[in-house]
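Q: Hi! I have a model open here and would like to walk through it with you. Could you show it first?

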Amino acid sequence: MAVIHDVIPAFELFQPTSVDDALALQARHGAKAWVLAGGLDSFDWFKDRIKRPEVVIDLSQVKELRGVRQAGDGLEIGAMTTLTEVVRHPMIREKYGILPNAAEAAASPQIRNQGTIGGNVSQDARCWYYRGGWPCYRAGGNICYADTPAGLNREHAILDANRCVAVNPSDTAPALIALDAKFVVRTPKGERVVDAENYFIGPGTDITRMTILQPGDLLTSIRIPSTWAGAQFFFEKVRDRAVWDFALVNVAAAMVMSGGTIQRIRLAANGVAAHPVRLTAVEAAVVGKQCNEETAEMAGKLAIQGAQPLQYNGYKVPLLRNLVKRAIRGEAA
Amino acid sequence: MNLIQWAQSPWGQQVPIHISWTLLWVSAIGGLLFLIVHALYVSIWAKPAHSAGSSGVSGAAAARIPERVPRHNLSARLFHAIMALAMLALLFTAFLPKVGVQFPWVTYHWIAGIVLSISVLYHIFDAFLGQDFWSIWPDREDIEDAGRRMKRALGQAAPEPRKFAKYPLENKLYHLVVMLAGLSVILTGLFMMKRVRTPIFSRNPYLFSDMTWGWMYVLHGLAGIGFVALVTVHIYFAIRPEKFFLTKSMMFGWMSREQYLEHHDPQRWPVGEEIPPTARPESKKAPA
């Protein structure tokens with residue numbers, strides 16, 4: 001059990017200056033290699049001595065992974081672009097305001113200066129037991145300590161739990177799903193572009209991973225199409241401490257209206273499952289409906305269908321319902 | 001290589017958590033090696049166990065045997081088909097994710113496990129009440145004949161072994177091993193369902209101690225990877241030309257009179273009208 005924060009165990013450090021070099025290093029060291037972005041998730045693991053990689057590949061010197069570029073009629077954000085850069089970028093603020101809202105809700109200014117958008121969407125699950133080094137399902141064991149009658153599960157999943165009940169803590173992930181972003185992944189076989197919601201995987205599919213990234217894969221950039229540029233956006237994050245905390249639940253929505261009727265909508269929530277959840281049933285139900293209290297009520301009820309609260313997280317059910325209602329109403333906090 | 005993966009429980013106890021998944025490859029490669037060696041042995045060294053037409057039964061007695069000798073009734077065949085489908089579903093859902101094919105496998109796995117459990121429960125009752133229960137268990141004659149075959153294969157003098165009863169010794173031994181492995185996976189699997197969310201059982205991860213749970217996962221894993229080799233070998237024998245009549249009998253329920261007389265001893269597996277002992281040549285009787 002890791003309780004003492006001590007010096008980080010030794011590892012071999014590589015600082016490649018290009019994506020090709022980084023991929024070559026990953027290919028050479030395989031599962032022994034740990035890819036380091038901003039380091040905010042990684043150093044917790046290292047200092048707790050729960051993850052002890054033999055090799056660390058630090059991406060901080062890879063310039064091609066940084067910055068925001070025009071890509072077609074949309075934008076491409078390098079995976080190593082910091083959350084602060086995302087928050088401050090004028091074009092992102094102008095056309096895709098939901099993303100800076102979500103990025104600004106993440107952690108503290110200091111952390112946002114160091115943390116990257118790639119790291120934010122790829123960070124590991126938040127669970128006391130898993131992070132504490134207990135041999136749970138996600139750590140390769142055969143039990144979930146949180147999903148027990150006496151387990152501390154106030155922050156855990158109400159949807160899509162499958163043995164593990166940990167949640168995905170990312171704030172930018174639901175916003176990127178709402179924007180229909182595409183994640184660009186370089187693999188040993190070439191480049192792969194996946195829809196944002198398909199970048200994340202639940203414990204039913206692979207209980208030890210949060211994303212599709214396999215050893216040797218690298219998230220290089222995130223592309224945001226113009227489809228939702230200038231839409232009506234909603235992002236709200238509920239947390240225990242307003243200044244600096246992970247989301248208990250967050251909801252992101254992009255909506256195009258016409259004469260009070262919802263023409264198009266994309267809606268996603270996080271903090272409720274081990275992966276950000278795109279609320280497709282709600283989307284399908286509200287398209288073509290008037291944006292009014294009745295539609296919001298129906299959307300809220302649909303959003304929580306199938307929710308299975310644990311001993312101490314029942315509050316997340318009305319929380320998700322009400323956030324979705326507020327998203328439909330367009331009542332950003 | 002560690003055959004079992006261990007972890008430290010929250011109470012500081014070293015507990016097993018499951019087998020090393022490299023054993024999956026050991027089992028798969030072991031099964032493949034067995035069938036390669038067997039195929040080479042049969043095609044290069046082995047001689048046919050029985051020559052065609054050496055029925056050991058007089059023409060008149062043979063005529064009393066039906067043209068289609070019933071071997072597996074509909075109940076047994078249906079059980080075998082359902083059990084086989086459930087077993088394949090269990091193996092694919094268990095091991096495809098281990099070799100990189102990712103999908104939400106847990107629900108499919110426990111549903112297939114329930115189907116297997118019910119079919120095996122049915123089979124146990126059916127075997128007791130509706131089948132010739134003892135025909136699948138090795139008996140003294142099987143052991144004696146196995147010894148004779150072994151001696152003759154090694155070039156030593158030994159009486160000619162008898163033909164098989166309803167099931168060859170290999171079938172009986174296979175059934176025995178499958179029964180042990182099957183009961184292991186079923187019993188451990190049913191308990192393991194208490195650890196996942198299903199509409200059947202309420203979850204209770206504290207039903208056993210961490211140590212007991214750990215050994216249960218190890219036993220489940222060992223029996224599971226054992227089935228990889230067992231099923232590989234079973235499918236191999238099912239499609240071998242000289243065994244295919246047995247496979248057909250499992251599909252259609254019967255074998256021909258000629259196949260029956262060629263491979264089976266009517267005294268040990270009597271069918272149709274009873275064949276009087278005088279109808280059998282003395283040379284084919286078991287030596288005292």
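A: Of the 288 residues in chain B, 23% are buried, where buried means 20 or more other C-beta atoms within 10 Å of a residue's own, exposed means 12 or fewer, and partly exposed is in between, with C-beta atoms placed from the backbone. This is a predicted model, in which local features need pLDDT of at least 70 and side-chain atom pairs count only at pLDDT 80 or more, while totals for chains, interfaces and linings use all residues. Residues are numbered from 1 along each chain as its sequence is written, and chains are lettered from A and ligands numbered from 1 in the order in which they are written.

Q: Thanks. How many helices and strands are there in chain B?

A: Chain B has nine helices and four strands. Here helices (H or I, at least four residues) and strands (E, at least two) are DSSP runs, numbered from the N terminus. Read from the N terminus, the elements of chain B go β-β-α-α-β-α-α-α-α-α-α-β-α.

Q: What do S1(B) and S2(B) do together?

A: They pair in the antiparallel sense over five bridges; two strands count as paired if DSSP finds at least two bridges between them. Ile4(B) stands opposite Ile19(B) in S2(B). The hairpin of S1(B) and S2(B) has five residues between the strands, and Gly12(B) there takes a positive phi near 80°.

Q: And which elements give two or more residues to the side of chain B that touches chain A?

A: First the totals: the contact takes 16 residues from chain B and eleven residues from chain A, with two residues in contact if their C-beta atoms, placed from the backbone, lie within 7 Å. On the chain B side, the elements giving two or more residues are strand S1 (4-8), strand S2 (14-19) and helix H7 (210-239) of chain B. That side divides into eleven nonpolar, four polar and one charged residue. For these classes, Ala, Val, Leu, Ile, Met, Phe, Trp, Tyr, Cys and Pro count as nonpolar, Asp, Glu, Lys and Arg as charged, and the others, Gly among them, as polar.

Q: Staying in chain B, how do H3(B) and H4(B) cross?

A: The axes of helix H3 (residues 74-95) of chain B and helix H4 (residues 106-129) of chain B come within 9 Å and cross at roughly 155°. Axes are lines fitted to C-alpha atoms, for helices over the stretch in contact, and angles run from 0 to 180 degrees between N-to-C directions. H3(B) and H4(B) are therefore roughly antiparallel to each other; angles under 35 degrees count as roughly parallel, over 145 as roughly antiparallel, 65 to 115 as roughly perpendicular and the rest as oblique.

Q: Is that crossing left-handed or right-handed?

A: The crossing of H3(B) and H4(B) is left-handed. The term left-handed applies if the near helix is turned anticlockwise from the far one by less than a right angle, and right-handed if clockwise. Residues making the contact include Phe79(B), Met83(B) and Leu90(B) of H3(B) and Tyr108(B), Leu116(B) and His123(B) of H4(B). By class, the contact of H3(B) with H4(B) has 14 nonpolar, six polar and one charged residue.

Q: Over to chain A. What order does the open sheet of four strands have?

A: Its order is S9-S10-S11-S12 (chain A), with antiparallel pairing. Strand S9 (232-238) and strand S12 (277-278) of chain A are the edge strands, each pairing on one side only. Strand S10 (residues 249-258) and strand S11 (residues 261-270) of chain A pair over nine bridges, and Ala253(A) has Leu267(A) as its bridge partner in S11(A).

Q: Which helix lies across S9, S10 and S11 of chain A?

A: That is helix H13 (residues 316-329) of chain A, running at about 25° to S10(A). H13(A) also packs with helix H12 (residues 293-303) of chain A at an angle of about 145°, their axes 8 Å apart, in a right-handed crossing. The contact of H12(A) with H13(A) has six nonpolar, three polar and five charged residues.

Q: And the open sheet of three strands, which order does that one have?

A: The order is S1-S3-S2 (chain A), with parallel pairing. Strand S1 (12-14) and strand S2 (33-36) of chain A are at the edges with a single partner strand each, so one side of each has no neighbour in the sheet. The twist averages 25° from one strand to the next.
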